[in-house]
Amino acid sequence: MDRIDAHLFLDMVRGGAARLGTGRKAVNDLNVFPIPDGDTGDNMYMTIFSGCKAAGNFLGEAARNVSDAMLMGARGNSGVILSRIFAGFAKGVEGVSEAGLEEFSKAMQSGVRESYLAVSEPVEGTILTVFREGVDAASGSNTLGEYLDRLVTAMEQSLEHTPELLDVLKKAGVVDSGGAGLLYIIEGMRAVFNGEAVQLIEESLPNASQAVDISAFTEDSVLEFGYCTEFLLRMQRSKVDLDSFDETVMSEWLASHGESLVFFRDGSIIKVHVHTHTPGDILNHCQQYGEYLTVKIENMTLQHHENHMDERFRKSRKAYGVVAVASGEGLVETFKELGADQVIEGGQTMNPPVQSFLDAFDRVNADTVFVLPDNSNILLTARQAAGMYKGSDIRVIPCKTLGEGYYALANLDTESGNPDEIEAVMTEAAGEVVTGLVSRAIRDSGDVREGEFVGISGKEIVSSGESPENALVSLAGALDAGSHDVILVFQGSGTAEPGQAVEALARQYPRSEVILKPGGQPVYEYIIVLF
Amino acid sequence: MLTLFTDTDTDITPAIAKEYGYRLISMPYSVDAKTVYPYVDFDEFDSRKFYDLLRSGVLPTTSAISTERYMEYFEPEFAAGNDILYVHFSRAMTNTFDAMDHAVAQLKAKYPGRSFHEIDTKGITTISYTIAREVGDLFKAGKSLTEVLEWAGNEVDRFAMYFFADDLKFFRRSGRVSGLAATMGTLIGIRPIIYMSAEGKMVSCGKEKGRIKAMEHLVQQVADLGDDFRSHRFVIGHTDAPELAREVGNLIRERFGDNFPIEYVVTNPTAGSHAGPNGVGVCFHAKHR
């Protein structure tokens with residue numbers, strides 16, 4: 001077969017929709033960018049599905065009708081971009097009755113152009129990249145069949161590569177959802193081109209209220225992601241001069257009042273997809289240009305709770321993961337900010353069981369997992385768990401204090417790709433750290449009276465003081481804080497503000513940087529970490 | 001006649017622009033869905049207020065300006081029979097210059113006799129500031145456009161900028177620094193050192209423990225790479241960290257003496273949106289970047 005006519009093209013679109021229909025939920029589960037609201041598959045499916053009802057006698061007309069129908073039905077970021085790919089394709093085959101390789105290839109390139117134009121700030125590592133790289137690689141083919149084969153292969157490769165381009169994907173361990181959705185579609189189109197029958201099952205489309213768990217947004221929820229706001233606006237002659245109207249004024253305004261903007265004009269119709277915290281402002285503003293044909297507003301904090309991951313795209317098997325142990329809200333948060341995948345609550349008075357580690361290893365789901373204990377008992381438990389766990393290569397860094405774990409994690413650099421090397425660097429880093437603890441003495445012991453505060457390093461009491469602050473300052477002296485570049489102090493959960501103690505440290509050790517952080521840890525008024 | 005343009009991403013303020021006859025293109029940022037055009041929407045940059053906003057957790061966004069806006073800046077000059085030289089921030093950091101290219105192409109078709117020249121400073125904030133000023137100085141000294149363009153061809157790559165950031169979250173969000181370790185999050189007490197590459201991109205080149213080590217790293221870069229920096233502008237830029245900047249300046253003085261001026265410049269809000277507060281950088285004439 002060397003030509004694609006209207007009939008075949010329409011079948012191919014339906015084939016693409018059918019294939020995406022089977023993978024729709026898998027695509028939903030990949031959705032983390034720009035907002036993890038889990039509906040990319042649904043949105044793309046609804047977008048292409050609306051194009052399936054189109055007809056046409058010659059290719060140019062069919063493609064135009066598909067594009068128009070998709071314009072009306074486009075939903076979501078990837079859905080709108082998908083509709084622009086088809087719009088670009090339609091432009092590329094305008095007036096063409098059937099396409100050979102050359103016309104088809106040219107139209108696909110036009111699709112790439114149009115997709116980029118619609119996005120105010122194109123982000124690589126998304127559907128845009130996957131399609132562009134696919135089309136680039138396919139050009140230069142000798143037949144349409146070869147073109148589609150090369151397109152699919154290159155899109156697969158490009159999709160694999162998306163986590164390298166977009167950090168949020170890498171972190172979540174997934175490939176880009178929009179790119180995956182488009183790959184389904186192109187695979188379906190190729191299958192039809194190769195003679196497979198179309199089986200477009202008109203399954204009931206998910207409607208927003210069914211798919212969404214509204215309990216995810218409670219009376220106390222914070223509007224984190226805002227609203228996905230989409231509309232079609234028909235510009236009105238009574239409001240604007242259609243011939244001279246410059247839509248960039250409108251798109252610039254929208255770009256500065258929202259995020260993830262996709263915007264395009266098709267004749268007198270303007271399609272907008274934008275994320276905003278105040279959709280009312282957007283709608284009121286844009287109404288000065290015309291009247292709304294359709295409007296859709298969804299709270300993006302409501303996640304689509306489903307789990308249908310396609311193993312093919314399940315990248316959450318990461319190369320590296322980190323499990324840390326800490327107790328106290330501030331400390332748990334600190335480790336998470338630093339990049340720990342899982343933080344097990346545990347410390348001096350609370351030794352987590354082996355099972356907590358095994359569960360954490362499961363959740364991290366990485367080839368190599370680095371474990372950062374925070375005392376010597378927990379180190380033993382972690383080693384025991386590591387010995388039992390068969391699913392990953394578990395490397396327990398011999399950290400006996402929270403500070404050692406902190407600094408080991410700060411030195412995690414996976415660039416080398418060699419787990420032995422990474423482990424060695426972290427272990428060495430842990431060895432450079434000195435950690436001290438300030439706690440209240442619970443009984444008389446030596447020179448220390450019950451109720452006084454003591455500074456502890458290792459198992460030794462090295463300082464004491466009448467207040468936690470006195471004990472902290474003298475502990476710093478006993479640990480030779482001035483020989484370290486950073487003096488990091490974590491304040492305990494019940495500890496009063498340290499008053500002058502931090503300034504005293506800064507004055508006493510001018511070559512060191514003194515940093516106070518809320519650690520929220522129990523038992524210890526202060527944890528001092530020197531590195 | 002030649003009209004000089006630069007943009008607010010180079011840290012050039014209206015007062016300095018006036019000194020050289022630069023016209024200033026305003027590069028916007030947005031906070032809480034409100035877009036602000038520096039020196040259009042305000043007269044003086046209140047850096048403390050802006051960076052305090054970032055300290056309180058606000059993450060501003062920045063956006064590219066459109067072809068039409070470039071036309072509004074450039075067309076009156078072409079219409080008046082002037083040529084244009086635009087000294088701008090790095091092409092490699094934005095897509096706004098695609099819009100500019102469209103504008104220039106259209107204008108050149110409309111005004112075939114006119115010419116448009118550009119100097120890509122291959123950087124942003126302090127380094128662009130330094131180059132824009134040196135360019136201005138050359139014109140003041142009577143150099144011709146040809147001479148200045150030739151100077152830029154040789155010299156832009158010979159201004160180095162090294163800086164450290166306090167909190168990586170701003171950079172991570174914008175994705176504009178390469179080489180940051182995969183899982184490096186908010187590092188307390190550890191500062192990544194970043195430099196402007198010859199391609200005009202920000203590249204991470206290591207990290208240092210504590211404020212002193214980070215500052216010393218910058219000074220060491222001047223020692224290792226510096227070349228004839230005393231006879232060029234030496235600029236210390238900061239994102240609302242004047243004391244820290246002054247400390248770096250003191251270290252520079254201790255090491256290299258006081259027989260050259262050091263200028264202190266606060267980073268413009270648009271570039272600062274990507275860098276976050278409490279960062280300091282040095283820009284100096286160097287063997288290479």
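Visitor: Which residues of α1(A) and α3(A) meet?

Guide: From α1(A) come A:Ala6, A:Phe9, A:Leu10 and A:Val13. Facing them in α3(A) are A:Leu59, A:Glu61, A:Ala62, A:Ala63 and A:Val66.

Visitor: How do you know which class of residue makes up the contact of α1(A) with α3(A)?

Guide: Ala, Val, Leu and Phe count as nonpolar and Glu as charged. Sorted that way, the contact has 8 nonpolar, no polar and 1 charged residues.

Visitor: What makes α18(A) roughly parallel to α19(A)?

Guide: Helix α18 (residues 468-478) and helix α19 (residues 501-508) of chain A pack at an angle of about 20 degrees, with their axes 10 Å apart. The cut-off for roughly parallel is under 35 degrees, so α18(A) is roughly parallel to α19(A). Is that crossing left-handed or right-handed? The crossing of α18(A) and α19(A) is right-handed.

Visitor: Which residues bring α18(A) and α19(A) together?

Guide: A:Glu469, A:Leu472, A:Val473 and A:Ala476 in α18(A) meet A:Ala501, A:Ala504 and A:Leu505 in α19(A). By class, that contact divides into 6 nonpolar, no polar and 1 charged.

Visitor: Let's turn to the two chains. How many residues does each chain give to the contact?

Guide: Chain A gives 32 residues and chain B gives 26 residues. On the side of chain A that touches chain B, α11 (247-257), α13 (329-338), β14 (486-491) and β15 (513-518) are the elements that give two or more residues. The largest share, 5 residues, comes from α11(A). The residues on that side of chain A split into 9 nonpolar, 11 polar and 12 charged.

Visitor: And chain B itself: what share of its residues is buried?

Guide: With buried set at 20 or more other C-beta atoms within 10 Å, buried residues make up 48% of the 289 residues in chain B. Chain B has 10 helices and 14 strands. Of the contacts in chain B with a separation of 6 or more, 77% join residues 24 or more positions apart.

Visitor: How do you know what confidence the predictor has in chain B?

Guide: The mean pLDDT of chain B is 92, and 94% of its residues reach 70 or more. The scale runs from 0 to 100. For the model, the scores are ipTM 0.78 and pTM 0.61. Where pLDDT is low, the predicted coordinates should not be read in detail.

Note on methods
Residues are numbered from 1 along each chain as its sequence is written. Chains are lettered from A and ligands numbered from 1 in the order in which they are written. This is a predicted model: local features need pLDDT of at least 70, side-chain atom pairs count only at pLDDT 80 or more; totals for chains, interfaces and linings use all residues. Helices (H or I, at least four residues) and strands (E, at least two) are DSSP runs, numbered from the N terminus. A residue is buried if 20 or more other C-beta atoms lie within 10 Å of its own, exposed if 12 or fewer, and partly exposed in between; C-beta atoms are placed from the backbone. Two residues are in contact if their C-beta atoms, placed from the backbone, lie within 7 Å. Axes are lines fitted to C-alpha atoms, for helices over the stretch in contact, and angles run from 0 to 180 degrees between N-to-C directions. Angles under 35 degrees count as roughly parallel, over 145 as roughly antiparallel, 65 to 115 as roughly perpendicular and the rest as oblique. A crossing is left-handed if the near helix is turned anticlockwise from the far one by less than a right angle, and right-handed if clockwise.
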